[in-house]
Amino acid sequence: MKKVIVIGCPGSGKSTFLQTMIYSLINLYSPLQLNVYAIDFSSHLLQAFESAPHVGGVMNENELEKIDKFFNMMEDIMIQRKTMIGGNYSQYVKVNGYKFPSIVIAIDNYASFREKTDDKYEKILWEISRDGAGMGIFLAIS
């Protein structure tokens, strides 16, 4: 999986898709292979995964400071991984094993997220969208 964008009208199953995807991933991979971070500006259904060992955090619209810290952390991780990996995560894993896990960032209700954060994170999200797969960082957005 590289990038996933789920589009549909209200009630069409976008949040359910994200839940199903996260559930499937945490059942297929160990926490050493996969970390998930969820930003839920929708129904807060992703909160159900907060206690899973794979999940580094579930953030919602009332936790803007936590979201800010998360994206600062992601910027640091991207810098570290660019230096260590050089842009080919899958090749790195084949040669070295899982020295650090893949990261999936799931954002539920991206329109509300953008509105309530005043597009503050557009730059880092575009960077992750463009370069993240090569560093083992993936986006799933509804």
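**View 1. Salt bridges of the predicted model.** A search of the whole structure finds 7 salt bridges, a salt bridge being a side-chain nitrogen of Lys or Arg within 4 Å of a carboxyl oxygen of Asp or Glu. The model is predicted, so local features need pLDDT of at least 70 and side-chain atom pairs count only at pLDDT 80 or more, while totals for chains, interfaces and linings use all residues. Residues are numbered from 1 along each chain as its sequence is written, and side-chain values use heavy atoms, with hydrogens and water left out.

**View 2. The salt bridge between D68 and K120.** The closest N and O atoms of D68 and K120 are 3.0 Å apart. D68 lies in helix α2 and K120 in the loop between α4 and α5, so the pair ties together parts that are 52 residues apart in sequence. Helices (H or I, at least four residues) and strands (E, at least two) are DSSP runs, numbered from the N terminus. D68 is partly exposed, with a relative accessible area of 25%, and K120 is exposed at 52% relative accessibility. Buried means under 20% relative accessible area, exposed over 50%, and partly exposed in between (1.4 Å probe, protein chains only).

**View 3. The salt bridge between E127 and K82.** The side chains of E127 and K82 form a salt bridge with an N to O distance of 3.4 Å. This pair links distant parts of the chain, with E127 in helix α5 and K82 in helix α2, 45 residues apart. E127 counts as buried at 17% relative accessibility; K82 counts as partly exposed at 38%.

**View 4. The salt-bridge network of R114, D119 and E122.** Salt bridges link R114, D119 and E122 in a network. D119 is partly exposed at 35% relative accessibility, and R114 is partly exposed at 34%.

**View 5. The aromatic pair of F71 and Y121.** The structure holds 9 aromatic pairs. Rings of Phe, Tyr and Trp (its six-membered ring) pair if their centres lie within 6.5 Å; planes under 30 degrees apart count as stacked, over 60 as edge-to-face and the rest as tilted. The ring centres of F71 and Y121 are 4.5 Å apart and the planes are at 20°, so this pair is stacked. F71 lies in helix α2 (residues 64–85) and Y121 in the loop between α4 (110–116) and α5 (122–131), so the pair ties together parts that are 50 residues apart in sequence. F71 is buried at 2% relative accessibility, and Y121 is buried at 6%. Ring pairs link Y37, F41, F70, F71, Y110, F113 and Y121 into a cluster.

**View 6. The nonpolar cores.** A nonpolar core is a set of buried Ala, Val, Leu, Ile, Met, Phe, Trp, Tyr and Cys residues joined through side-chain atoms within 4.5 Å. The largest has 23 residues, and those with the most contacts inside it are I39, F71, I105, F113 and I137. At least two residues of this core come from each of β2 (34–40), α2, β4 (102–108), α4, α5 and β5 (137–141). Helix α2 gives the most, with 6 residues. Apart from this core lies another, of 17 residues, among them V36, A52, V58 and V104.

**View 7. The surroundings of F113.** Not counting residues up to four places away in sequence, F113 touches I39, F41, I67, F71, I107, Y121 and L125; contact means heavy atoms within 4.5 Å.
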